[in-house]
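Take a moment with the sequence and the model below.

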Amino acid sequence: MKEKFKNLSAPVGIVLSIVAVILFTGLLLGLGFVLGKIPGLNEQNDYLLQAIAEFIILIVFLIITFVIGYTRIFTENVAGWLRSLYTGGFFVVYCLFSLIAQIYLCSMSKVGNVRTALEIIFYIVAIFLVGLVEELVFRGVIFNLLLNSFPKTRKGITDAIVLGGVLFGLMHFVNILSGVKFTSALIQVISAALMGILFCTIYASTRNFWMLVIFHALVDFASLLSTGIFDAGNILSPQLIPCHLSCWRFRCLSCCVNPDASA
C-alpha cells in the first residue's frame, strides 16, 4: 500500500489532498464542539483546550503518515540546517519585528496583566503543537501527496506548491461557521494561502520539515502574544470554540473576539 502513495496520478493526488483537508477541518470543529460540552473542561484555559485538540489531531495524522509511508519527512534534510535557516530566514526577521511590535503595543495600550506561569506554558505548548500539526498535515501529508502526483518538472513542482498553499488558505473559509463575515474570512483565506505557498516553497527547496515547524510556531507565537503572555481577553468562549480552533491561528484575534471587527 505504501508504494501506491509514492506514485499517484494528479487527479488521485488532488482528491486525497482535499480529503485530508476535510478530515483536518472536521476534526478541528468536532473536537471544538466536544471539548466545549465536557463539564469543567470548557472552563479551562483556552490554550490548554487548544493543546488537547491539537494533540489528538497529531496522533491521527501520525497514524496516517505511517500508513501511507511518509515517515521519511521526519528525518530527511536535503539542504541542511544552515541553508534551511537561510532559505526561510526572512520568517525569523518577520517574527522578531512582530514580537517587538506586539510587546510595544501591549505595553502602550495596557492590555492586561501578565498571565500566570502555568498559563504561559499552556500557550507555548499549544503554539508549538499548532505549528507541528499544521506542517504535518499541509506540508508533510498534503504537499507530499501533490509532489508525488505532479510531474517532477519545474511546472509540476510549481503547480504542487500553489495548490498546496491554496488548500491551506481555503481551509480558513470554515470560520464563516463561527460568525466571521465572508469578507473577513476571505482576507484570512488569501493571507493563509500566500503563507502556505511560501511554506511549500521553503519545504520543496530544503525538505526540512522541522525547520518549517519552528518557523510556523514562531509566526504564531509573535502574532498571539497579547493573549498568550498578557491577559488581553480570551480567544475562546463557549460559543466561539470552533473559531479558535481554526481562525485564531492565522492572526485572526480580532474576528474571534468580535466577528465584525475585521470587516
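Which residues make a nonpolar surface patch of about 610 Å²? The patch is made by Phe55, Ile56, Ile59, Leu62, Ile63, Phe66 and Val67. A patch is built from residues with over 30% relative accessible area and no salt bridge; like charges are joined within 9 Å, and nonpolar side chains (Val, Leu, Ile, Met, Phe, Trp, Tyr) within 5 Å. Accessible areas come from the Shrake-Rupley method with a 1.4 Å probe, and for residues only the protein chains shown count as cover.

Before going on, note that this is a predicted model: local features need pLDDT of at least 70, side-chain atom pairs count only at pLDDT 80 or more, and totals for chains, interfaces and linings use all residues. Residues are numbered from 1 along each chain as its sequence is written, and side-chain values use heavy atoms, with hydrogens and water left out.

Leucine 62 sits in helix α2, residues 46–67. Helices here are DSSP runs (H or I, at least four residues), numbered from the N terminus. Leucine 62 has 33% relative accessibility, so it counts as partly exposed. The scale is this: buried is under 20% relative accessible area, exposed is over 50%, and partly exposed is in between (1.4 Å probe, protein chains only).

Next, the charges. Side chains of opposite charge can pair when their charged atoms come close. How many salt bridges does the structure hold? There are 4. Each needs a side-chain nitrogen of Lys or Arg within 4 Å of a carboxyl oxygen of Asp or Glu.

Start with helix α5, residues 117–147, which holds both arginine 139 and glutamate 135. They are 4 residues apart, about one turn of the helix. Their side chains form a salt bridge at 2.8 Å, N to O. Arginine 139 is buried, because its relative accessibility is 0%. Glutamate 135 is also at 0%, so it is buried.

Lysine 155 is exposed, at 60%, while aspartate 159 is partly exposed, at 27%.

Arginine 115 bridges to glutamate 119, with the closest N and O atoms 3.7 Å apart. Arginine 115 is buried, at 10%, and glutamate 119 is partly exposed, at 24%.

Finally, confidence. The chain averages a pLDDT (the predictor's confidence in each residue, from 0 to 100) of 82, and 85% of the residues score at least 70. Over residues 235–263 the pLDDT is below 50.

Definitions and conventions
Helix = DSSP H or I, 4+ residues; strand = E, 2+ residues; numbered from the N terminus. Contact = heavy atoms within 4.5 Å.
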